[in-house]
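Subject: Handover of a structure and the findings on it

Dear colleague,

Please find below the structure that I am passing on to you.

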Amino acid sequence: MTLSLRLALAALLAARTAHAQTATPQERAAFTGRVDSLVHAYITETHAPSVTVAVVRGPDTLVMTSYGLADIAAHRRATPGTIYEIGSNTKQFTSAAIMRLAEQHKLSID
């Protein structure tokens with residue numbers, strides 16, 4: 001399993017349990033620390049120049065932050081508004097959304 005896939009799965013698991021981890025400011029800080037740890041491990045292993053993370057549960061934004069440099073030559077920091085070229089990664093999100101809608105009987109994959 002690639003590191004990108006492991007990071008995405010970890011983020012999904014973290015988001016799924018986020019409601020239990022954000023009840024108090026201390027628990028929210030612990031959750032944010034866990035996200036920081038996952039992202040720093042990803043950056044260390046892949047040498048990615050930057051990462052932007054958003055974890056949203058309902059109307060609550062639990063984490064929205066960026067790490068690293070959006071432009072290495074200009075030493076410009078990444079921001080939550082940084083636009084990344086993601087290529088074909090959206091196909092995975094689209095297929096997951098379709099399967100969730102099928103599970104909820106809101107559409108048929110046939």
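**Findings**

H75 lies in the loop between β2 and β3 (76-77); helices (H or I, at least four residues) and strands (E, at least two) are DSSP runs, numbered from the N terminus. Although H75 is not a glycine, this residue has a positive phi of about 55°. H75 counts as exposed, at 59% relative accessibility, where buried means under 20% relative accessible area, exposed over 50%, and partly exposed in between (1.4 Å probe, protein chains only).

Before going further, please note that this is a predicted model, in which local features need pLDDT of at least 70 and side-chain atom pairs count only at pLDDT 80 or more, while totals for chains, interfaces and linings use all residues. Residues are numbered from 1 along each chain as its sequence is written, and side-chain values use heavy atoms, with hydrogens and water left out.

H47 is not a glycine either, yet has a positive phi of about 60°. H47 is placed in the loop between α3 and β1 and counts as exposed, with 67% relative accessibility.

**Overall arrangement**

The protein has four helices and three strands, which follow the pattern α-α-α-β-β-β-α along the sequence. Of its 110 residues, 22% are buried. Among contacts (heavy atoms within 4.5 Å) with a separation of 6 or more, 38% are between residues 24 or more positions apart. The protein exposes about 8,000 Å², and carbon and sulfur atoms supply 60% of that area; accessible areas come from the Shrake-Rupley method with a 1.4 Å probe, and for residues only the protein chains shown count as cover.

**The nonpolar core**

Which residues make up the largest nonpolar core? This core has 12 residues in all: F31, V35, V39, Y42, I43, A48, V51, V53, V55, L62, V63 and Y67. The elements that give two or more residues to this core are α3 (25-46), β1 (50-57) and β2 (60-71), and α3 provides the largest share, five residues. A nonpolar core is here a set of buried Ala, Val, Leu, Ile, Met, Phe, Trp, Tyr and Cys residues joined through side-chain atoms within 4.5 Å. Within this group, V35 touches V53, V63 and Y67, when residues up to four places away in sequence are not counted.

**The salt bridge**

Side chains of opposite charge can pair when their charged atoms come close. A search of the whole structure finds one salt bridge, defined as a side-chain nitrogen of Lys or Arg within 4 Å of a carboxyl oxygen of Asp or Glu. The side chains of R28 and D60 form this pair, at 2.8 Å from N to O. R28 lies in helix α3 and D60 in strand β2, so the pair ties together parts that are 32 residues apart in sequence. R28 is partly exposed at 26% relative accessibility, and D60 is partly exposed with a relative accessible area of 31%.

**Residues around the strands**

S50 is found in strand β1 and counts as buried, at 12% relative accessibility. The side chain of S50 reaches the backbone oxygen of L69 at 3.5 Å. This is a polar contact, that is, a pair of N or O atoms within 3.5 Å; within protein, one must be able to donate a hydrogen and the other to accept it, and residues adjacent in sequence count only if both atoms are side-chain atoms. Leaving out residues up to four places away in sequence, S50 touches Y67, G68, L69, A70, A78 and Y84.

T82 is placed in the loop between β3 and α4 and is buried at 17% relative accessibility. A polar atom of the T82 side chain lies 2.7 Å from the backbone nitrogen of T79. Apart from neighbours within four places in sequence, T82 is in contact with T52 and A70.

R76 lies in strand β3 and is partly exposed, with a relative accessible area of 45%. With residues up to four places away in sequence not counted, R76 touches L69, A70 and D71.

With kind regards
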